[in-house]
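Visitor: Please show me the model, and let us then go through some of its local features by question and answer.

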Amino acid sequence: MVLVMISFCAFGQNNYFFPSGVSFDPAIPTPEQFLGYPVGDWHTRHDRIVSYFQELARVSQKAHFQIIGYTNERRPQVVLTITSPENYSRIEEIRKEHLKLTDPTQSVNVSSMPVIITHGYNVHGNEPSSSEAAMLTAYYLVAAQGEFAERTLKEAVIHVDPNYNPDGRDRHSNWANMHKGFPPVSDPMDREHNEVWPGGRFNHYWFDLNRDWLPLAHVESRNRIEFFHQWLPNVCTDYHEMGTNATNFFEPTKPIGSENPVVPRANYDQLNPLFAKYFAKALDDIGSLYFSKENFDNSYPGYGSTYPDIHGGLGLVFEQASSRGHIQQSSTKVVTFAFTIRNHVRTSLATVKAGVENRELLLKHQQEYFKSALEEGRKSPIKAYVFGDSKDQSRTKAFAELLLKHRIETNRLDADLTVGANKYEKGKAFVVTTDQTQYRMVRSMFEKVTTFHDSVFYDASAWTMALAYGLPHDALNATVKFSKGARVKAEDVALNPAPVIKTNYAYIIDWTEYNASRALYYLLSKGVFVKAAFQPFTAEINGVKKNFGYGTLVIPVVDQNLSGEELFSVVKESSQVAGVDVHSVNTGYNLQGVDLGSNNVRTVPDPKVVMLVGEGVAATDAGAIWYLLDSKLKMPITKVNTSQFGQLRINDYNTLILVSGNYGVLGENGIAKIKSWVQQGGTLILIKNAISWAINSKLIDEQLKKEEDQKKDTRRMDYDSAPEYQGSRSIGGSIYMGNLDITNPLGFGYTSRDLPVYRNTSIFLEPGKSPFNTVIKYTAKPLLSGYIHPTNLDKIRNSVSLQVSNIGQGRAILFVDDPAFRGYWNGTNKLFFNALFFGSNISSGGFNWEEEH
Ligand SMILES: [Zn+2]
């Protein structure tokens with residue numbers, strides 16, 4: 001008893017943050033003792049949180065520290081594993097035993113197995129309370145004494161990842177700390193509470209990492225998913241913040257419609273309500289208000305709270321009203337940072353309690369999950385999915401690699417297969433059978449969904465990855481015979497280009513390969529002159545006739561500033577870095593089509609690219625372009641603040657990119673400056689509502705579809721039905737089939753006119769005046785996957801997805817649909833690469849003779 005009293009005195013904040021009646025081991029430093037300030041007084045930098053976790057591991061046998069990877073800004077991603085020393089002494093055995101739950105052929109005794117709990121915090125960097133809660137939660141689990149604490153560590157292995165997004169968190173933490181006043185200022189208008197663009201929500205490349213669990217476009221997610229699959233947790237939390245006037249939210253989420261059909265009913269009907277009782281009690285105990293069931297969506301598998309549900313676990317999203325800064329006035333009271341932290345601490349501890357007290361139920365649920373997945377897969381009328389593009393192995397293998405990261409069993413196709421118009425070549429295509437325990441992930445990757453229980457979506461309503469990669473793919477039923485080859489391993493999806501043969505005449509690179517763009521930029525950056533064929537040709541390669549399509553790259557040997565030997569080594573390097581084949585020819589005289597010296601084989605200018613960013617610009621859309629150029633092309637892009645556009649020497653650039661945003665700040669002068677630059681030959685790339693801005697500013701002469709349904713709805717409707725009415729008409733994000741002109745330079749390298757596009761905009765563009773300028777038009781029945789209101793579907797039909805608008809010697813390229821959506825929509829990336837490399841060669845009517853004729 002004496003000891004308890006002492007510990008309460010020594011650990012001042014423990015009374016506030018933790019449930020009463022618990023004593024703490026005085027050998028373990030509290031976060032306050034370690035940091036030198038009470039939790040809640042400052043936003044703790046990521047490196048300090050990491051150091052605290054290292055300290056816990058140093059002083060306690062119950063805590064073990066590891067680095068699971070590094071972010072773009074080289075911050076470590078860390079996990080503290082907390083369990084009893086006895087468990088830890090056989091941790092690898094526990095892990096392997098746990099993974100047997102995924103294998104229905106293995107018998108496992110769950111009565112003696114620990115439950116696996118992963119706490120995940122702060123995926124949105126400017127929702128900071130949860131990383132502070134992570135330190136307190138870790139401290140509690142390591143330091144708390146008594147029967148329950150002992151039982152917890154005996155029956156659970158708890159992984160604490162304090163910060164899913166370290167780069168974003170530090171961006172926001174520095175902001176909040178640098179603007180803190182003494183005394184602190186609660187006025188919501190104070191600069192402390194209003195970050196400047198792009199804010200701390202996103203990672204280094206301005207991406208929302210809570211959309212990336214499925215696409216794995218980012219290094220943070222790839223590291224996290226690798227760790228996730230090592231352990232397959234039974235419970236996995238995902239901590240957030242919401243508006244200052246809200247309270248606290250825990251699951252269940254909105255029941256109707258916002259549920260994913262591949263998630264077991266037990267998660268929604270049994271586990272969520274079971275855990276909710278623990279959360280309610282934890283918050284009732286401290287008088288905190290909360291809500292559940294009304295809101296938030298649990299359908300998209302790329303959320304941190306949904307992905308675990310599709311792996312036999314329970315994913316849980318938590319939201320806490322934000323103090324966004326140290327203290328902020330809400331509509332009711334002043335919300336303090338410490339208050340927001342405490343609520344997250346209490347639900348973190350309640351999660352652990354619920355996990356331990358329902359340990360066997362959760363373990364059996366996971367075992368049953370994989371058993372039933374395999375059974376469902378075997379009963380499925382679809383026996384396998386086949387995919388592959390013989391002419392684009394870089395994209396095909398990138399998709400196979402994604403499947404492997406999600407532990408989806410993937411096999412080679414061992415004999416040629418034709419399905420409808422699609423031809424799959426042995427060795428260049430893959431099959432994914434449905435009789436596997438990852439069957440529900442297979443569905444998430446390949447299925448197209450067009451019927452929904454509900455029509456209001458928090459975000460995307462479609463995520464079919466096979467469409468995102470734009471690969472030919474087919475579902476095979478029992479009547480289709482196919483030859484399944486060996487199971488694919490990571491090394492099988494590496495690209496192995498053939499050795500380059502030296503020539504004194506010209507090298508040729510097929511533009512159908514996704515990675516040819518990387519090779520092209522590599523060559524340009526080394527000062528190599530590269531040409532592109534604007535007409536197809538057939539050449540003899542090593543005695544074999546080979547057809548080359550639109551966009552094929554031609555590198556003549558003699559026209560260079562480099563010697564033949566120097567060029568040969570740069571060309572070889574380009575083949576290696578990009579993983580694409582480079583062919584050699586000894587003559588410019590082609591068997592068919594244009595010869596290599598034709599006017600239709602045109603010089604590719606070195607892109608000098610500038611993108612406007614800053615206040616008013618959609619950060620995630622700009623980030624997607626920045627990341628595309630960095631990660632896929634290794635091409636530098638100059639990012640200029642809209643407020644500094646007046647100072648920009650625009651003639652130093654040949655390409656200007658405006659993503660979705662409000663560019664009113666440019667004013668009349670800015671518009672005139674862009675216009676005269678385009679008229680002199682510049683290429684202006686406009687994405688999503690930058691198009692409507694350019695039309696309204698009379699920068700381009702194009703038309704948006706009239707808003708017929710702006711006509712007032714004359715029906716009388718209940719006030720309460722307004723959110724549903726409006727929500728169902730908003731466009732959250734879905735997938736459409738476009739018809740692509742593959743002879744337009746923007747369509748170069750595509751071999752099919754069918755191209756799925758991702759649409760999350762409400763812009764409907766009319767075809768332009770020139771019949772040659774419509775690059776992608778939606779098909780008559782365009783919806784492939786996702787939800788769309790019928791009135792909007794009518795507008796999409798016969799409108800345009802990608803168009804060129806000629807302006808003097810230059811042109812604007814209008815992307816109605818984002819060609820680089822969230823870093824994973826690889827199928828449409830090449831349209832954008834084409835705009836960068838070939839845009840300046842597009843002019844009126846498609847003709848651009850370099851000499852008079
Ligand atoms: Zn959030």
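Visitor: Which residue follows helix H17, and what is its phi?

Guide: Helices (H or I, at least four residues) and strands (E, at least two) are DSSP runs, numbered from the N terminus. H17 spans residues 516-525. The residue that follows H17 is Gly527, and its phi is positive, near 80 degrees.

Visitor: What kind of model is this?

Guide: Residue numbers start from 1 along each chain as its sequence is written, and side-chain values use heavy atoms, with hydrogens and water left out. Local features need pLDDT of at least 70 and side-chain atom pairs count only at pLDDT 80 or more, while totals for chains, interfaces and linings use all residues, for this is a predicted model.

Visitor: How many of the 10 residues of H17 are buried?

Guide: Buried means under 20% relative accessible area, exposed over 50% and partly exposed in between, with a 1.4 Å probe and protein chains only. The buried residues of H17 include Arg518, Tyr521 and Tyr522. H17 is mostly covered, and its count of buried residues is nine.

Visitor: Which elements are included in what covers the buried residues of H17?

Guide: Contact here means heavy atoms within 4.5 Å. The cover includes strand S19 (506-509) and strand S23 (553-556). Helices also belong to that cover, among them H18 (564-578), H19 and H24 (829-838).

Visitor: How many residues of H24 are buried?

Guide: The buried residues of H24 include Lys830, together with Asn829, Asn834 and the phenylalanines Phe832, Phe833, Phe837 and Phe838. H24 is mostly covered, with a buried count of 10 of its 10 residues.

Visitor: Which strands are the edges of the open sheet of nine strands?

Guide: Two strands pair if DSSP finds at least two bridges between them. The order in this sheet is S28-S27-S29-S30-S35-S34-S33-S31-S32, with mixed pairing. The strands that pair on one side only are S28 (638-641) and S32 (754-759).

Visitor: At what angle does helix H20 run to S30?

Guide: Helix H19 (residues 619-633) packs on the sheet, touching S27 (609-613), S28, S29 (655-658) and S30. The direction of H19 makes about 155 degrees with that of S27. H20 (residues 667-679) lies across S29, S30, S34 (800-807) and S35, and its angle to S30 is about 125 degrees.

Visitor: Which residue in S35 stands opposite Leu684?

Guide: S30 (residues 683-687) and S35 (residues 810-815) run parallel and are joined by five bridges. The residue opposite Leu684 is Ala812.

Visitor: Is Lys777 buried or partly exposed?

Guide: Lys777 lies in strand S33 (residues 774-785). Leaving aside neighbours within four places in sequence, Lys777 is in contact with Gly738, Asn739, Asn798, Ser799 and Val800. Because its relative accessibility is 30%, Lys777 counts as partly exposed.

Visitor: With which side chain does the side chain of Gln320 make a polar contact?

Guide: A polar contact is a pair of N or O atoms within 3.5 Å; within protein, one must be able to donate a hydrogen and the other to accept it, and residues adjacent in sequence count only if both atoms are side-chain atoms. Gln320 lies in strand S9 (residues 314-321) and is buried, with a relative accessible area of 1%. At 2.8 Å, the partner of the Gln320 side chain is that of Asn248.

Visitor: How do H4 and H7 lie to each other?

Guide: H4 (residues 46-59) and H7 (residues 129-143) pack at an angle of about 5 degrees, with their axes 11 Å apart. Angles under 35 degrees count as roughly parallel, over 145 as roughly antiparallel, 65 to 115 as roughly perpendicular and the rest as oblique. H4 and H7 are therefore roughly parallel.

Visitor: Which residue in the turn between S2 and S3 has a positive phi?

Guide: S2 (residues 63-70) and S3 (residues 76-82) pair in the antiparallel sense over seven bridges. His64 stands opposite Thr81 in S3. The two strands form a hairpin with five residues between them, and the turn residue with a positive phi, about 65 degrees, is Arg74.

How values were computed:
Axes are lines fitted to C-alpha atoms, for helices over the stretch in contact, and angles run from 0 to 180 degrees between N-to-C directions.
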